[in-house]
Amino acid sequence: MICIHKISEFLRDADIEGLIEAGAPHDEYDNVAHMLYIVLADFTNEQFTRQNITSALVVIWMKVFNLEGEQMQFRIPNIEIVSQMILSDLK
């Protein structure tokens with residue numbers, strides 16, 4: 001299982017909303033990391049796919065940032081990158 005600190009790190013590095021770059025605190029994405037960590041903790045080994053992680057993160061992202069489906073479209077590529085970082089860290 002990936003640790004929550006790595007998820008936070010990946011989200012900070014991706015800075016999908018540009019908040020860290022704009023001067024937000026270092027822990028700006030920690031609530032998203034925590035929510036994703038809880039979801040991933042329930043995944044079986046077979047469920048750890050980029051698609052499943054991306055789907056979970058999209059749902060969380062939409063909720064946390066109060067976004068609609070069309071607002072997510074330009075964020076998806078960066079969310080997929082975070083998902084791949086998580087998968088790579090698991091190997």
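Which residues does Ile 7 touch, not counting residues up to four places away in sequence? They are Ile 2, Ala 33, Leu 36, Tyr 37, Leu 40 and Ile 86. Keep in mind as you look around that this is a predicted model.

## The overall picture

Welcome to a protein chain with 5 helices and 0 strands. Read along the sequence, its pattern is α-α-α-α-α. The radius of gyration is 12 Å, close to the 12 Å that the globule rule gives for 91 residues, so the chain is as compact as a globular protein of that length. Along the principal axes, the C-alpha trace spans about 35 × 30 × 20 Å.

Of the 91 residues, 33% count as buried. The chain exposes about 5400 Å², and carbon and sulfur atoms supply 50% of that area. Among contacts with a separation of 6 or more, 62% are between residues 24 or more positions apart.

## The nonpolar core

Now for the inside. The largest nonpolar core has 24 residues. Those with the most contacts inside it are Ile 7, Leu 11, Leu 36, Leu 40, Leu 57, Trp 61 and Ile 86. At least two core residues come from each of helix 1 (4–14), helix 2 (30–41), helix 3 (50–64) and helix 5 (76–90). Helix 3 gives the most, with 6 residues.

## Helix 2

Helix 2 has 12 residues and reaches 16 Å from its first C-alpha to its last, close to the 16 Å expected at 1.5 Å a residue. Its buried residues are Val 32, Ala 33, Leu 36 and Leu 40. Seen down the helix axis, these fall within an arc of 95 degrees, so they line one face of helix 2.

## Helix 5 and Ser 83

Helix 5 has 15 residues, and from first C-alpha to last it reaches 21 Å, close to the 21 Å expected at 1.5 Å a residue. Its buried residues are Ile 79, Val 82, Ser 83, Ile 86 and Leu 87. They cover an arc of only 140 degrees around the axis, which puts them on the same side of helix 5. What covers them includes helix 1, helix 2, helix 3 and helix 4 (69–72).

Is Ser 83 buried or exposed? Ser 83 counts as buried because its relative accessibility is 0%. Not counting residues up to four places away in sequence, Ser 83 touches Arg 50, Ile 53 and Thr 54.

Note on methods: Residues are numbered from 1 along each chain as its sequence is written. This is a predicted model: local features need pLDDT of at least 70, side-chain atom pairs count only at pLDDT 80 or more; totals for chains, interfaces and linings use all residues. Side-chain values use heavy atoms; hydrogens and water are left out. A nonpolar core is a set of buried Ala, Val, Leu, Ile, Met, Phe, Trp, Tyr and Cys residues joined through side-chain atoms within 4.5 Å. Buried means under 20% relative accessible area, exposed over 50%, partly exposed in between (1.4 Å probe, protein chains only). Helices (H or I, at least four residues) and strands (E, at least two) are DSSP runs, numbered from the N terminus. Contact means heavy atoms within 4.5 Å. The expected span of a helix is 1.5 Å times one less than its number of residues. The arc is that of the directions from the helix axis to the C-beta atoms. The radius of gyration is taken over C-alpha atoms; the globule rule is 2.2 Å times the number of residues to the power 0.38. Accessible areas come from the Shrake-Rupley method with a 1.4 Å probe; for residues, only the protein chains shown count as cover.
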